[in-house]
Amino acid sequence: MSAPLRLLAVHAHPDDESSKGAATMARYVAEGMDVLVCTLTGGERGSILNPKMDRPDILENIAEVRRLEMERAREILGVQQRFMGFVDSGLPEDESEPLPEGCFAVQPLEVASAPLVAAVREFRPHVIITYDDDGGYPHPDHIMTNRVSVEAFEAAGDPDRYPEAGEPWQPLKLYYHMGFTKDRFEALHEAMTSRGIGSPYEDWISRWEDRPQKWAVTTRVPCGDYFEARDEALLAHATQVDPDGFFFVCPRDLQREIWPTEDYHLARSLVDVELPEDDLFTGIHADTVSPACH
């Protein structure tokens, strides 16, 4: 039997894996693929976003609480997961405010990338998914996550780079998450409104900056059958997600009808592909040989 295909998802904080690409990961796990989530920070500086969890005992132990939440989400999705060991940078209220000393986003690129390069070489993924170069939204840890993901993709196969990080392995495709697009939210808004369901998206859409989408959606992965797992994993991050909040207003059946995919931009590919795609592994087989180096 050939080895399974392998997918690596790189995220900034615990909970990001459940709000971005979770149904995709659950689908691939169900189909027998190996999926690893690398979480770059512990989320120590994240705000408590669920009023029911905003208690002194939670706040005092937030790092451990978020680790336990991550473990529960990992179990729900069926993925493997590793923390890369960096400290959450927080989200400054003022852009001019300096980031905390020693946090993830202020690390030199090679320092921030080294644990991920080692994880790539050990896990040997065929595909990596991460954020675009704006971080999906401009949190300093998300922007840094893009930088280290690109660095790992480009360096892990080169034996002359990060020589202490293990035997070289070259991933074959790199994708950016494209889940929060205006097209998707307009489609869901129109569907909810036409059915007489109150939509939470109208104000958000009205304030959307009128500018071209930077990255085109190249790949739509059908995964509507795994929206329940996605939502259950997201709810496992109880400090970060209000069960009565934005994420859960649109009925899942309506989501499956109107937008049953999770969407991506193919940022790098070392295999021939024909766009658009409906599978992150298009062009890759389990016995595809990774190029040894650049």
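Colleague: Start with R230. Which residues does R230 touch, not counting those up to four places away in sequence?
Modeller: With that exclusion, the list is S18, A22, A23, R252, Q255 and E262. Contact is heavy atoms within 4.5 Å.

Colleague: And the ground rules?
Modeller: This is a predicted model; local features need pLDDT of at least 70, side-chain atom pairs count only at pLDDT 80 or more, and totals for chains, interfaces and linings use all residues. Residues are numbered from 1 along each chain as its sequence is written, and side-chain values use heavy atoms, with hydrogens and water left out.

Colleague: Back to R230. Buried or exposed?
Modeller: R230 counts as buried, because its relative accessibility is 10%. Buried is under 20% relative accessible area, exposed over 50%, partly exposed in between (1.4 Å probe, protein chains only).

Colleague: Where is R230 found?
Modeller: In helix 9, residues 227-236. Helices (H or I, at least four residues) and strands (E, at least two) are DSSP runs, numbered from the N terminus.

Colleague: How many residues of helix 9 are buried?
Modeller: 7 of its 10, so mostly covered by the definition above. Besides R230, the buried residues include F227, D231 and L234.

Colleague: What covers the buried residues of helix 9?
Modeller: The cover includes helix 1 (16-19), helix 2 (22-30) and helix 4 (62-77). Helix 10 (252-258) and strand 7 (261-269) also contribute.

Colleague: Now strand 2. How many of its residues are buried?
Modeller: 7 of 8, in residues 34-41, so strand 2 is largely enclosed by the rest of the structure.

Colleague: How many bridges join strand 2 to strand 1?
Modeller: There are 6, and strand 1 (residues 6-11) runs parallel to strand 2. L8 stands opposite L36, and A9 has V37 as its bridge partner.

Colleague: And how many to strand 3?
Modeller: 5 bridges, again with the strands parallel. Strand 3 spans residues 80-86. Its R82 is the bridge partner of C38.

Colleague: E151 next. Where is E151 found?
Modeller: In helix 6. E151 counts as buried because it has 9% relative accessibility. Leaving aside neighbours within four places in sequence, E151 is in contact with L109, E110, S113, A156, R161 and Y162.

Colleague: What separates the C-alpha atoms of E151 and T193?
Modeller: 43 Å, and the two residues are 42 apart along the chain.

Colleague: Last one, F180. Where is F180 found?
Modeller: In the loop between strand 5 and helix 7 (182-194). F180 is partly exposed because its relative accessibility is 37%.

Definitions and conventions:
Two strands pair if DSSP finds at least two bridges between them.
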